[in-house]
Amino acid sequence: NQLTDITADIGKLTSLKSLTANNNRIAQLAEEVGALNRLETLSLSRNMLVTIPITVAALGHLKKLVLSDNRLQNFPEGLLSCRQIQFVDLTGNRITFLPAEIGQLQALELVLNRNQIAALPESLAECPKLKVLRVEENCLTLDGLPEKVLANSKISTLAVEGNTFAPRQLERWPGYEKYEQRYTSAHRKYD
């Protein structure tokens with residue numbers, strides 16, 4: 001397929017539960033996507049999206065969002081209003097920072113691999129459900145990893161390989177012991 005956009009007509013499909021249009025040339029997603037009030041999965045990987053309309057905030061049933069390998073420069077802030085969201089994959093974009101309001105995100109897993117993030121905001125520790133955070137192959141520095149995120153969050157799996165520090169350096173970073181306790185406890189459940 002070589003779709004270049006998802007037009008306003010998408011808003012007429014109000015009972016749509018899943019929308020997948022990967023491997024296209026989609027550069028724009030119509031604001032009317034917010035009318036898809038039953039949408040649970042939105043997957044637009046490997047396209048040319050630069051922004052996502054704020055109307056995604058109206059997707060009250062959205063559970064899974066996959067926007068990997070696009071051209072997004074900013075975190076889609078409309079996601080902060082999606083109460084049912086569980087999984088967000090923004091791998092391979094051009095995101096340089098996360099908004100200070102990121103603590104409102106309801107996701108269980110956030111994947112931000114292969115972006116250009118140098119620092120994580122302390123407010124990430126306030127995400128009420130976030131268990132898995134993947135920020136591999138970014139520009140992350142140890143100074144950009146706040147103690148609060150390690151010590152006071154619910155994150156039990158933190159993937160940081162391929163950044164400006166060796167993962168072993170993290171073991172000596174303030175807050176790491178508390179993170180390690182959550183990691184061990186969470187992974188013991190699966191053994």
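**Note on salt bridges, tyrosines and core**

1. In this predicted model, Asp-69 and Arg-114 join their side chains in a salt bridge, with N and O 2.5 Å apart. The pair connects distant parts of the chain, 45 residues apart: Asp-69 lies in the loop between strand E5 (64–66) and strand E6 (87–89), and Arg-114 in the loop between strand E7 (109–111) and strand E8 (132–134). Asp-69 has a relative accessible area of 27% and is partly exposed. Arg-114 is partly exposed too, at 38%.

2. How many salt bridges does the structure hold? There are five. Another of them is formed by the side chains of Arg-134 and Glu-109, at 3.2 Å from N to O. Here the link runs between two strands, with Arg-134 in E8 and Glu-109 in E7, 25 residues apart. Arg-134 has a relative accessible area of 27%, so this residue counts as partly exposed.

3. Glu-126 and Lys-148 also form a salt bridge, and their closest N and O atoms are 3.3 Å apart. Glu-126 sits in the loop between E7 and E8, while Lys-148 belongs to helix H1; the two are 22 residues apart. Both ends are partly exposed: Glu-126 has a relative accessible area of 48%, and Lys-148 has 28%.

4. The structure has two aromatic pairs. In one, the ring centres of Tyr-176 and Tyr-179 are 5.6 Å apart and the planes meet at 55°, so the pair is tilted. These two residues are three apart in helix H3, which means that about one helical turn separates them. Tyr-176 is buried, at 13% relative accessible area. Tyr-179 is buried as well, at 6%.

5. Tyr-179 also pairs with Tyr-183: the ring centres lie 6.2 Å apart and the planes are at 45°, so this pair is tilted. Tyr-179 and Tyr-183 are four residues apart in helix H3, about one turn. Is Tyr-183 buried or partly exposed? Its relative accessibility is 35%, so Tyr-183 counts as partly exposed. Through these ring pairs, Tyr-176, Tyr-179 and Tyr-183 form a cluster.

6. The largest nonpolar core contains 53 residues, and Leu-105 and Leu-158 have the most contacts inside it. Helix H1 (147–152) and helix H3 (176–188) each contribute at least two residues to this core. Leaving aside residues up to four places away in sequence, Leu-158 touches Leu-133, Val-135, Leu-145, Leu-150, Leu-170 and Tyr-179.

Note on methods: Residues numbered from 1 in each chain as written. Predicted model: local features only at pLDDT ≥ 70, side-chain atom pairs only at ≥ 80, totals over all residues. Heavy atoms only, no water. Core = buried A, V, L, I, M, F, W, Y, C linked by side-chain atoms within 4.5 Å. Buried < 20%, exposed > 50% of the residue type's maximum accessible area, 1.4 Å probe, protein only. Contact = heavy atoms within 4.5 Å. Phe/Tyr/Trp six-rings, centres within 6.5 Å; stacked < 30°, edge-to-face > 60°. Salt bridge = Lys/Arg side-chain N within 4 Å of Asp/Glu carboxyl O.
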